[in-house]
Amino acid sequence: MSLAVNERVKVVEVGPRDGLQNEKRPVDVATRVALIERLVAAGVTHIEAASFVSPKWVPQMAGSAELMAALPRPAGVHYSALTPNLQGLEAALAAGCDEVAVFGAASEAFSQKNINCSVAESLERFRSVAEAALAAGVRVRGYVSCVLGCPYEGAVAPAQVARVAVQLREMGCHEISLGDTIGRGTPDAARRMLEACLRHIPASALAGHYHDTYGMAIANIAASLEMGLRTFDSSVSGLGGCPYAAGASGNVATEDVVYLLHGMGHETGIDLPRLAEAGAFICAALGRDSASRVARALAAACA
Ligand code: HMG
Ligand code: MG
């Protein structure tokens, strides 16, 4: 199937949250703000900036309220944050988040390890979070983790992913982000999982969230584009992973996604060289090389 050119594709930058939540040494708030300022300057409009979870569970996301207060607020830029429960939601609303995200899983074991409750209990909890957020006029995003495999249970059935996604949609989530948390998926598996979800939810309400542990994320995005998805989560420089999924690498690098999308004729509104500068900034702060092949190629071409 050939793709229509010049379609807008939404890129949700999750590096400041999904990326930095997994750093061994927490990154200070000033550096996180400086990264987000550079992402905004590169034209990124949807940024998952913070996470109002327990600092005992994820110390790297401490200071999220301070961070939100320090962010630039240009028109058209949206900042979201993770909110696992009403306590997190209250903090996110007070901090002025434009959108909040509840995060569930298609696997029981991962749900227990990540948020200390069963899938059913989590959905019950999310229902009150979604209700309160919508009443406050704030949009809610829903995540489903482990859509292409679980680090504890192995294979995950596409029908189970769809069941959780449908319940998130029914409670008012405007967008469901489908997370290959451990990056084990291949395009055929991604297609089967998406087919199950698309029987109940339109492609316009689904997002692909692919981690790149096995180097399959770009191939999975290409397959998802063919299935009609037009929203993808990614992390500048390929930062990150999940503290409760051992061995999971970062999300697919935003630089690589933008290069792919522009190469296919899609619009993102993102300036690739400036995005690469944001990536170089955070890599320098962390003292490591970029995981983005595109960023490395651009840097080599400039050297
Ligand atoms: P719990 O221990 O069951 O919670 O944790 P609790 O309600 O019993 O409370 C225990 C303590 O935590 C209390 O404090 C609460 O006040 C505090 P204490 O009395 O002991 O001093 N607490 C909080 N503090 C701050 N903010 C809050 C909050 N809630 C309770 N919101 C809980 C349950 C959900 C809180 C915990 O398990 C947690 O925070 N988990 C977060 C795990 C996490 O952030 N994982 C990474 C994000 S998910 C991910 O990366 C996947 C994704 O990228 C998609 C993909 O790739 O698949 C989204
Ligand atoms: Mg993730």
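Just after helix H9, Gly-228 takes a positive phi of about 105°. In this predicted model, a glycine also follows helix H10: Gly-265, with a positive phi near 90°.

**Helices H9 and H10**

- The buried residues of H9 are Ala-217, Asn-220, Ile-221, Ala-223, Ser-224 and Leu-225.
- Cover for these buried residues of H9 includes strand S6 (175–180), helix H8 (187–198) and strand S7 (206–210), together with S8 and H10.
- Helix H10 spans residues 254–263 and is mostly covered, with seven of its 10 residues buried.
- Those buried in H10 are Thr-254, Glu-255, Asp-256, Val-257, Val-258, Leu-260 and Leu-261.

**Surroundings of ligand 1**

- Ligand 1 is surrounded by 26 residues, of which the closest are Asn-85, Asn-114, Asn-116, Ser-145 and Thr-181.
- By class, the shell around ligand 1 comprises 11 nonpolar, 12 polar and three charged residues.
- At least two residues of this shell come from each of helix H1 (15–19), helix H4 (86–94), helix H5 (108–115) and strand S5 (139–145).
- The side chain of Arg-17 has an N or O atom 2.9 Å from an oxygen atom of ligand 1.
- For Gln-21, an N or O atom of the side chain lies 2.9 Å from an oxygen atom of ligand 1.
- In Asn-85, a side-chain N or O atom is 2.8 Å from a nitrogen atom of ligand 1.
- On its own, ligand 1 has 1100 Å² of accessible area, and the protein covers 74% of that area.

**Cysteines**

- A disulfide is a covalent bond between the sulfur atoms of two cysteines.
- With a cut-off of 2.5 Å between cysteine sulfur atoms, the count of disulfides is zero.
- Cys-97 is in no disulfide, and the nearest cysteine sulfur, that of Cys-173, is 15 Å away.
- Cys-97 has a relative accessible area of 6% and is therefore buried.
- The sulfur of Cys-197 is too far from another for a bond, because the closest cysteine sulfur, in Cys-173, is 13 Å away.
- Cys-197 has a relative accessibility of 1%, so this residue also counts as buried.

**Pro-158 in helix H7**

- Pro-158 lies in helix H7, which covers residues 158–170.
- A relative accessibility of 30% is why Pro-158 counts as partly exposed.
- Leaving aside residues up to four places away in sequence, Pro-158 touches Arg-192, Met-193 and Ala-196.
- Between Pro-158 and Pro-74 the separation is 84 residues in sequence and 39 Å in space, C-alpha to C-alpha.

**Thr-31 in helix H2**

- Thr-31 lies in helix H2, which covers residues 29–41.
- Thr-31 counts as buried because its relative accessibility is 16%, under the 20% limit.
- Residues up to four places away in sequence not counted, Thr-31 is in contact with Phe-281, Ile-282 and Ala-285.

Key: Residues numbered from 1 in each chain as written. Chains lettered and ligands numbered in written order. Predicted model: local features only at pLDDT ≥ 70, side-chain atom pairs only at ≥ 80, totals over all residues. Heavy atoms only, no water. Buried < 20%, exposed > 50% of the residue type's maximum accessible area, 1.4 Å probe, protein only. Helix = DSSP H or I, 4+ residues; strand = E, 2+ residues; numbered from the N terminus. Near = heavy atom within 4 Å. Polar contact = N/O pair within 3.5 Å; in protein donor to acceptor, adjacent residues only side chain to side chain. Areas by Shrake-Rupley, 256 points an atom, 1.4 Å probe, with all protein chains shown as cover. Nonpolar A, V, L, I, M, F, W, Y, C, P; charged D, E, K, R; others polar. Contact = heavy atoms within 4.5 Å.
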